[in-house]
Amino acid sequence: MSAPSLPTAQPLAALAGFAAHLREHGFVVGVAEQQAMVQAALRLPGALQQPARLGEAWRAIACHGARDWRRWPDLFQRYWQPHRSTGSTRVSGRTRPPRDIRQLVQQLHESLGEGGTKPGATAADTALSDSPAEGEALSRHQGGASRTEALHDRSLHEWLPQDLALLQTLAERIAARLRRRLTRRWHAHPQGRRLDLRHTLRRSLATGGVPVAPAWRQPRRERPRLFILVDVSRSMETHAQLFLRIARAFVVAAQARVFVFHTRLAEVTPLLQRDSGAVQEKVNAVTAGFAGGTRIATSLDDFHRVHARAQLGRRAEVWVLSDGFDADEPHRLGEELAAVRGRGARITWFHPSPAVPASAAMTAARPQVQRFVRLASLRDLSLAADLID
Amino acid sequence: MTTEASPQALRESLHRVGYIADEALATTLWLAGSLQRPLLVEGDAGVGKTALAQALARAEGRRLVRLQCFEGLDLSQAAYEWNYGRQLLAIRRAETGQGGGAASDDTALFSREFLLQRPLLQAILSDEPCVLLIDEIDRADEAFEAFLLEVLADWQITVPELGTLRARHVPRAVLTSNGTRELSDALRRRCLYHWLDYPTLAREIAIVRATLPDAEGALVKQAVAFVQRLRREDLGKTPGVAESLDFVRALHQLGHQRLPDEPAALAHVLACLLKTREDRFQFGPERLLQVLEGRKAGGDGVAVKHATPLP
């Protein structure tokens, strides 16, 4: 599978390195995207003169969502113009070969351009799939956030594999229990039963056009959308790891979106999608910049205003995993929870303490929470499985 | 019916039909045409996602085929449906011996003649290249999204009774989404992606000028600047481009040469911009005056909220 026919594998390797760089930061960039990027570089007129334009084209190919879109300019600059970005990127040991986007396009044209674009693309395909430089490129870019203390020393090393399996089955059981709700259009209909004309007529063809067995439209029920907010502040240090484990189980079982917060809020769903021992470290890296303390109300505000703005509806289910100690003004927590409720979402509060949290903020916010559930161990979760619907 | 040769040319022809695109958008749009990939446009309501597809159709002289998605949209509304009424008629006619016996066998009953074309099939079977707009794809169900994969990847639709129908000309597909639901990765990966943001001041002025050439220059500038300041406020529903167009149009028709200074004159025109009760309530005369004069909010504004974090 080597590509000896390619005289200069350099541009493709650089591109593969860029793809690896993007993947490292949570982008979904496969061979298809890389191929499209090569195509774009070959076809876009003026790509040589205006690398920025090529950057825009690649942005459209590599980004698959608003989150990717916002992170792109930084990642692009970090890879192609590392000398310009300040801070975080650190080169250790080996110096990196200069990356120049113009050069890359030039070389791409030289090596692939003349043979027509289509054969060029297939050649690129094989070269990309086993690019030897990829691993190198991966190791080269270890810049980014530092991994700080906080949580990872309190590991769940004593967990046995069967515990993990148990957690997963529990999560699946709870996810299956989450009540499926009727979609809106069926609530409005008094009978909830309507003739499915298309099916009826289709069936009637068998009986010569006489609708003997009418078909009815079935009301649809859908699972709620699950949002899990995990408090990772100091006061929750001992529990955060368990909570993240549990949250991960629900990402797998119910496609939940998971956020962590202490003074600010950040989404960690992409980090939790793959099972690895390093989940905790990845989350630490995300939250490393946060200051100490807990600002639940501010985080909730950010949650319903920015992150989940469009998805918080009648079918949303919000789980907050926190002890309820809030550094914001006590009245705000209630207000923010009311705002979340106002969108139609249902709120369940999981607390590690034996009793329901009774901080000033929580007392005020209590009416907004549908349910309080204790959660300090796996056993609690299995008990909770019967409560949740 | 031409596909533009370069992003710049595409940008200019979009400009000619009154859509002011920035360079990144034009590049993406051009690339989508060049690679024959659908383009997924996301952004807040009212930033001109749908207008983009309409402008593209006009700029390239193509027909626009529009599919508006909603909850419960199914194949019979989106792709095709058999014309049961006509089929039954044909059967009856065959029974009574009129109209030749053509309809008596299956193949004749399930021919193109009895097929009702819905937007997706129209776009696929169109004799001339067209622009296919799939609007608010996030409102459709996941099942429908999965069906779209075949259409968008291979440009074909399979009708069990007829076989696979392939596109004669690959349509330029534009999908829009408001993010009410997370789209599947499979769909996202088949599309190019563009996040359409609120336009910059200069671009928005150009947009308003292009749409309302009669309005006075001073009025357009001041009104757009006002809307841009308003967008920075903490609003329940941020006004989009369509709203600022309405706003300038209303001021223009009321005979204003420039943006009125006193809040009282603006109060009723604000209905074009502020669309929720809370927003109207929040923008009383004093608050409005502050925004008019470009002052930052005092008291409990957003800036204050995120100031010094408590320990």
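1. Two strands are taken as paired if DSSP finds at least two bridges between them. In this predicted model, one such bridge sets Leu132(B) against Ala173(B), which belongs to strand 8 of chain B. The two strands concerned, strand 5 (residues 130–135) and strand 8 (residues 172–177) of chain B, run parallel and are joined by 4 bridges.

2. That pair belongs to an open sheet of 5 strands in chain B, with the order 2-5-8-1-9 and parallel pairing. Strand 2 (63–68) and strand 9 (192–195) of chain B stand at its edges; each has a single partner strand, so one side of each is left without a neighbour in the sheet. From one strand to the next, the twist of this sheet averages 20 degrees.

3. Helix 2 (residues 23–35) of chain B lies across strand 1 (39–42), strand 8 and strand 9 of chain B. The angle between helix 2 and strand 9 of chain B is about 160 degrees.

4. Chain A holds an open sheet of 6 strands, in the order 7-6-5-8-9-10, and here the pairing is mixed. Its edge strands are strand 7 (265–267) and strand 10 (371–374) of chain A, each of which pairs on one side only. The twist in this sheet averages 25 degrees from one strand to the next.

5. Within the chain A sheet, strand 8 (residues 316–321) and strand 9 (residues 346–351) pair in the parallel sense over 5 bridges. Leu321(A) stands opposite Phe350(A), a residue of strand 9 of chain A. Helix 15 (residues 330–342) of chain A lies across both strand 8 and strand 9 of chain A, and runs at about 135 degrees to strand 9.

6. How many cavities of 30 Å³ or more are there? The count comes to 1. The largest cavity holds about 40 Å³ of space. Leu321(A) and Phe350(A), the facing residues of point 5, are both part of its lining.

7. Which elements give two or more residues to the lining of the largest cavity? They are helix 11 (237–254) and strand 8 of chain A. Helix 11 of chain A gives the most, with 3 residues. By residue class, the lining of the largest cavity divides into 9 nonpolar, no polar and no charged residues.

Conventions. Residues are numbered from 1 along each chain as its sequence is written. Chains are lettered from A and ligands numbered from 1 in the order in which they are written. This is a predicted model: local features need pLDDT of at least 70, side-chain atom pairs count only at pLDDT 80 or more; totals for chains, interfaces and linings use all residues. Side-chain values use heavy atoms; hydrogens and water are left out. Axes are lines fitted to C-alpha atoms, for helices over the stretch in contact, and angles run from 0 to 180 degrees between N-to-C directions. Contact means heavy atoms within 4.5 Å. On a 1 Å grid over the protein atoms alone, a cavity is a set of points where a 1.4 Å probe fits but cannot get out, and a pocket is an open set with protein on both sides within 12 Å along at least five of seven lines; lining residues have an atom within 4 Å of a point. Grid points are joined across faces, edges and corners, and a volume is the space filled by probe spheres set on the points. Ala, Val, Leu, Ile, Met, Phe, Trp, Tyr, Cys and Pro count as nonpolar, Asp, Glu, Lys and Arg as charged, and the others, Gly among them, as polar.
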